Amino acid sequence: MKLLLQSISALKGRQSSLLVRHRSFSTAAASNQAPAVEEYAKRNYANNVSEYNTVISSLTAQRRHFLLRDVYDDMVLDGVQPSRDVFHSLIVGTMKGSRLQDAFYYRDQMKAMGLVPDVPLYNFLISTCGKCKNSDQAIKIFEEMKRYELKPNGQTYICLLNACAATGNLDKVRAIVSDMTAAGAGLNKFCYAGLITAHVNKIPMTNDIADKIIELVISSKGWSSVESSHNGAENMMRMVSEEELYNLPTAEFAFRRGFVNRKLTVFHVAFHACADLKNVQATEALFNMLKENNEVPDLFIIIQRMRCYLNSGDLDRGVQIFEEHMESKRLPAIELYTTLVEGAMIGYTPRGMQLAQETLVNMNARNFFLSPKQGSDLLRIAAREKTGGYTTANFIWDLMQARRIIPTLPATEAYYNGLKEREIPADDPRLVLVGRTCDNLRQRLGPGGGRS
């Protein structure tokens, strides 16, 4: 494959500059200043639809969704006609990156080329609206489907239900449920998950929210199948799980072996909601329900149970749940460590920050290493510490530097600003390095900074 594809697999950081160089070449070609064929071969990274589609898929897998528009523009400038498959890949990428305006742009481009979006593509668009918490647009897209005389499938209704649930539009969610039951389609686990999410996101939140969550979990025991409730070939081909399509909190773990028991989807959403609500009593009630059903809590549920206690300020119980799991010889995961670290940093108490640092040391000693996203998320949180020695933020930065991982621009900026607030000499090596990293990221990523 050409230079960009080689960089995708080996030198990911060079993609932005290659895209810019390619665009510069295309502009020069339009002004009759095309370089020699050999120079073109060096600068170009894709020649045809298939190669461009590979680039799009690679960028999506790397979560570099902000570069997709550059690739599409280069494709058009090169005179390569995008196919329906390319548009599907682009819209899946924007869905995963929660880039709603880009998704609408590709849809409009597709229609301008005479390609009518199909049902799977509309499902992806509705899902993107849900990720961006824009239920009004989700409803408009659903109405557009009907104008094109496309028949929504089961996944379409569940996408719409969960998109409305993301904004707490409980009345609309109930209306969708009524339409589904009137049509003879029973509610499945994803519908109950959406109902829980709708109640949690409703403003103002009702006082009986915990009771409602438990009630919905109990009701879900008799859930039935819905048409197209299983992943279609389109979704599987593009590595889009139903959890991601419906914006569930288990989306990023759906393909992790041993992490989630997919039979417990409703419990997953319920535990996650109770952790956010800091409702220990409801969390324990759900945990007891699991035991009564002879179900073993999976890693996701254990993490949410830890989060609930940590969010409510009970460090001791959070640590106890962590240690019980580690001693049980069950599957360990780095998310257990990062959850404990993040929870310990709540309030930035001396004891909590010490616990966070000790957990990071133990994690590293057991050969668990932070991914770029995990490291950036923890660094951004640790950087907000206003008192203390800033040792936890420094340690997270050092762990990432040791593995040659560059944090995201927002995380690096937060860390840099935190360093500047302390009495550190202007020529301090750490301060100079972090400042230079900020400048390099701003220059490489441009005005948007790759923030979305």
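Helix 7 covers residues 100-112, and its 13 residues reach 18 Å from the first C-alpha to the last, close to the 18 Å expected at 1.5 Å a residue. That expected span is 1.5 Å times one less than the number of residues. Helices here are DSSP runs of H or I with at least four residues, numbered from the N terminus.

This is a predicted model, in which local features need pLDDT of at least 70 and side-chain atom pairs count only at pLDDT 80 or more, while totals for chains, interfaces and linings use all residues. Residues are numbered from 1 along each chain, and side-chain values use heavy atoms, with hydrogens and water left out.

Several residues of helix 7 are buried, including Leu-100, Phe-104 and Met-110; buried means under 20% relative accessible area, with a 1.4 Å probe and protein chains only.

Just after helix 7, Gly-114 has a positive phi of about 85°.

Helix 8 holds Ser-127, which is buried at a relative accessible area of 1%. Beyond its neighbours within four places in sequence, Ser-127 is in contact with Met-95, Cys-159, Glu-244, Leu-245 and Asn-247.

The largest nonpolar core has 84 residues. Such a core is a set of buried Ala, Val, Leu, Ile, Met, Phe, Trp, Tyr and Cys residues joined through side-chain atoms within 4.5 Å.

Terms used:
Helix = DSSP H or I, 4+ residues; strand = E, 2+ residues; numbered from the N terminus. Buried < 20%, exposed > 50% of the residue type's maximum accessible area, 1.4 Å probe, protein only. Contact = heavy atoms within 4.5 Å.
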